[in-house]
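Thanks for coming. I have one model to go through today, so please look at the structure while I talk.

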Amino acid sequence: MARKLPPVDVVLVGFGWTGAILAQELTEDGLEVLAIERGAWRDTPTHFPTTVAQDELRWYWRKEMFQSTARETLTFRNNRSQTALPMRRWGSFLPGEGVGGGGVHWNGQTWRFLPSDFVAASHNVERYGPMRPGMTVQDYGVTYDELEPHFDRFEKLCGIGGKAGNLNGETLVGGNPFEGPRSAEYPNPPMHMTFAQHRFEAAAKELGLNPFPGPSANMSQPYVNPLGCQLGPCTYCGFCEKYGCGNYSKASAQTTILPVLMKKPNFTLKVHNEVLRVKLDSTGRRATGVIHVDQNGEEYEQPADLVILCAYQLSNTRLMMLSGIGEIYNPSTGEGLVGKNYCYQVMSGADVFFDDKYTNEFVGAGALGMCVDEYNGDNFDHSGLGFIGGGYIACWTTHNRPIERQRTPEGTPGWGSAWKKAVVENFRKSTGVGAHGASMAYANNYLDLDPTYTDVYGRPLMRMTYDFTPNDRAMAAFLTERVREIAERMGGREIKVSPREGPYDSMPYQTTHNTGGTIMGSEPANSVVNRYLQSWEVSNLFVMGAGVFPQNAGYNPTGAVAALAYWAADAIRTQYLRSPGPLVQA
Amino acid sequence: MVSGAWAQYGSYGIPWIAGTSPAPRGIDGARFFTDAERRCVDALVARLIPTDELGPGAREAGVVDFIDNQLAGSYGRGERWYMQGPFAEGLETQGYQSEHPPAGLYRVAIAALNAHCRETYDDRPFAELSEDEQDAILNRVETDELEFVEVSATAFFEVLHDNTIEGFFCDPVYGGNRNMVGWDLVGFPGARYDYRDYLDHNGAEISIAPVGLMGRAEWDVD
C-alpha cells in the first residue's frame, strides 16, 4: 500500500531540461512544485569537474553517464515479423538519468525548426501532392510564429552563440538565410572556427551554398543569462556529448536554471525516486497524482492538482502506457495513438583525409561547426525526388576521443599493423562532414509494450519496432551526394563516404534524438496531446519532450523541445491556472 | 552516496555534501584470468594492435592487464547490462544477446578457441601458434567462419576488439594505455581541458605531451 504524502500543486516527473524549465516558470506563480527524479543529484563542481569529466572509458564506454540498462531498457526489432529482443546495453542512443537528464551530456547544437517543419503534412501535400503510402506525417498544431518568442527565450537562457540569417524578415549575410524570421540576434557571437570549418566554408561557397556557424550552447564568451546565472567561456576541450562540462561552459539545467530554482521556497526536488504511474480518478479523466517508489522499494502516493511528464521521450511514452492513459497504437488496425509516429534521425556522412594538413580535432567543442541548410526541410524543390524533408549538412569538430574515433580510409582492415598504420597516419589529419536528416512518420514504426521482457519492477519494457523508411532512404541518398560534393572540395587526399544503407542497427551510436509516441495535433482523433501539450484525455496532465513531435525535422531537437516547454508553461500560466480544464475543446 | 534522508532538496540552494565527488576509481589489482587465459588474451590483443616498426602495441600498453581488471569488476559481471532472459540468438541489428556477461563470454570463448587450436595445430593453444597462424584464426573468428558451440565467435571478437581499443586508448588510471603509449602513438593530448591557445592552428601540427586524469608520472613529487 502506497503511503500517501501531503498534496502539492504541481508534480513534475523527471528533472532534465523540460522539468527545470517548467519548475522555474510555474514557481513564479507561487505554485508549490515538486520534481521527482529517479536518478541522482548532479552538479558541476561535484560531479563533472575537469579531473573527472574527461574519462572516455567511464562515462561513455561503461555508460555511467546514462540510464542503467540493468534496471530498464527497451526491446527492439526492425519490423513486426521479428521478435524484439532487449537492448542489453545502450548503442544507437543514450538516454540520460539524474538531475539535468540528457541535457548534461548533449553537444549543445541548438536549432529552431523551419516554419514548414511545423506544417509538414499540409505544406508538402499542397506543394507536391499526396504522400507515399504508409506515411503518417501530420502538422504539429502549433506554428513557428507562435513558438518564436519561446525559441528566443531558450536561446537567451542558454547563451546560444550564432549568427542570425533572418532578423525580422531581413536576410543577413553570414547567417542561415533559410531560417524563420527571428525577433532578435543570438545572444552570443558564433564559436571560434578551426581549420576544418574553414575548409568546409570554402567548399560550400564554391558550390554556391550559404555556410553559416552552427548555433551553439557552448559559450563563445562569458555570459550572464536573464536569471543571473553566469557561464564561462568554452575551452574547446572536446568532451561535450556523452560528458558533463566541468567549465560551466555548456548550457544545461545545472548552469542556467538550478542556481536560482533551488533557492525557491516553493520548489522541492526528490531524487532516487521513480514514478511508476500516473494515478487517475475513477472516471479516468483526471489525474490525482503519481505513485513513486524510493530506493528501498517503499511506494508513495503523491497527490497533485497538475501532473507534468518531463522525462525522456521513451519514458514519457511508456509512462502513459503503464498508466493506462489513452489507447496504445496498433499498426494492424491503425487504432490507438500512444506509441504512434515513433521517429528518429537519419544520419549519413563522409570522412575527409588530409595529407599535409592537421585538423587537430581534439581542439573541439560539441557545437563547433559550419553548416549549410540548402537541403533541409522544404528549402529546395523536391519535385520528382520521391521524398519530403531533408537535413542540414555540417562539419562539426566535436572531439577526437581516441577510443570512439579512429578514422581510416576506404579499404583499411579493422585490426593489425595495417589498421594501426592507418590510424596513426590519419588520427590528427581527418575530419567529417555529416548530413543530419529528418525522419518521417510511417505506420509501421511505433512503440508499444513488450510481451516478454520486464524492468527491475517487473513492468513490461517498451518495445520499439523501427526501420528506416522509403522516404528516409531516398532522402539520405540525396543528402549523401550533397555531402560528397562538399567533402570532395575540401582539399583532402581522399574521402570515405558512409551512406545510410541496410536496416536500422540499434547498436552503433547515431543520435539520442528519439521522437514521437505522445504526439501533438489538432484533435483527439490524431494526437495524444493538444497544441499546448495537454493530454486530450486527462486535462490536468501535460506531456513535454520530443515525444510530442509528430515527426522529426532535419535538426537536433533540443531547441524545439525547450521552445515547446516554454510555450506549454506559458499556456498553463496564462490560461490553465485561471480556468483549469481543456485548453482546446475537442 | 546520497542517503534517504538527503534525497529531498529545495529552498536552501544547491545541495552539496562533502566527499560525494565520484573520483576515478582506476585499476584495483583484481584479476579474472587464469594464467592460461591470460596468455591467450595477451596473444590475441597483440595481434589486434601489434608491436611493430611504428611503435608500441597492445602489449606495451598493458591491454591484457586492463582487460583482466575490467573483467574482474562490475563490467565483467555485466552489472549495468540488461541480463534478464529469455536469451535468443538475435539479429545483427539487435546487438549483444549472449546470456554470458563479458567475463563469462571470455572464459567460454577462450576455452573454445584453445580447444580448436589444439585440435588443428598439433596440441598447441592459441598463444603458442605463429603470428601468421594466429592471424588466420582471428580472421575466422571475426567472420564467424569458426564456430564456437556455446557462444558466438563474432560476438566474442567484437567484445575483444572493443576492449582492446579501450585498453590501448583509455586513461592510464585503468591500467591500459600504460605510460600513455597509445595517446603518444597517435598524438592525442589526453585529458587536457583548455585548447583556446590552439584554435588558430590553421592546419599546422599541434604536438603536445599528453596528460591523464592524474597528470603525468613525472609530475609526482614525493
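This is a predicted model: local features need pLDDT of at least 70, side-chain atom pairs count only at pLDDT 80 or more; totals for chains, interfaces and linings use all residues.

Residues are numbered from 1 along each chain as its sequence is written, and chains are lettered from A and ligands numbered from 1 in the order in which they are written.

Chain A first. It has 13 helices and 22 strands; helices (H or I, at least four residues) and strands (E, at least two) are DSSP runs, numbered from the N terminus. With a radius of gyration of 23 Å, close to the 25 Å that the globule rule gives for 586 residues, chain A is as compact as a globular protein of that length. That radius is taken over C-alpha atoms, and the globule rule is 2.2 Å times the number of residues to the power 0.38. The C-alpha trace of chain A spans about 70 × 55 × 55 Å along its principal axes.

Now the sheets. Two strands pair if DSSP finds at least two bridges between them. In chain A, six strands make an open sheet with antiparallel pairing, in the order β8-β16-β17-β18-β15-β21. The edges are β8 (212-213) and β21 (494-498) of chain A, each with a single partner strand, so one side of each has no neighbour in the sheet. Inside this sheet, β16 (residues 369-372) and β17 (residues 391-396) of chain A run antiparallel and are joined by four bridges. A:Gly369 has A:Trp396 in β17(A) as its bridge partner.

What lies across this sheet at β15, β17, β18 and β21 of chain A? It is helix α12 (residues 470-488) of chain A, which runs at about 20 degrees to β15(A). Axes are lines fitted to C-alpha atoms, for helices over the stretch in contact, and angles run from 0 to 180 degrees between N-to-C directions. Contact between two residues means that their C-beta atoms, placed from the backbone, lie within 7 Å.

A second open sheet in chain A has four strands in the order β5-β4-β20-β19, with mixed pairing. Here β5 (85-86) and β19 (446-454) of chain A are at the edges with a single partner strand each, so one side of each is left without a neighbour in the sheet. Two bridges hold β4 (residues 74-77) of chain A and β5(A) in an antiparallel pair, where A:Thr75 stands opposite A:Pro86. Helix α10 (residues 313-323) of chain A lies across β4, β19 and β20 (460-465) of chain A, at about 120 degrees to β20(A).

Strand β2 (residues 8-13) of chain A pairs in the parallel sense with β14 (residues 299-309) of chain A over five bridges, and A:Val13 has A:Leu309 as its bridge partner there. β2(A) also runs parallel to β3 (residues 33-36) of chain A, through four bridges, with A:Val11 opposite A:Leu34.

Next, one helix pair. The axes of α1 (residues 17-27) and α13 (residues 558-576) of chain A come within 10 Å and cross at roughly 25 degrees. α1(A) and α13(A) are therefore roughly parallel to each other; angles under 35 degrees count as roughly parallel, over 145 as roughly antiparallel, 65 to 115 as roughly perpendicular and the rest as oblique. Residues in this contact include A:Trp17, A:Ile21 and A:Leu22 of α1(A), and A:Val561, A:Ala565 and A:Tyr566 of α13(A). By class, the contact of α1(A) with α13(A) has 10 nonpolar, two polar and two charged residues. Ala, Val, Leu, Ile, Met, Phe, Trp, Tyr, Cys and Pro count as nonpolar, Asp, Glu, Lys and Arg as charged, and the others, Gly among them, as polar.

Last, the two chains together. How many residues does each chain give to the contact? Chain A gives 79 residues and chain B gives 69 residues. On the side of chain B that touches chain A, the elements giving two or more residues are β1 (8-9), α1 (35-48), α6 (153-169) and α7 (181-186) of chain B. That side divides into 38 nonpolar, 19 polar and 12 charged residues. Strand β11 (residues 267-270) of chain A and β1(B) run antiparallel and are joined by two bridges, and A:Leu269 stands opposite B:Tyr9.
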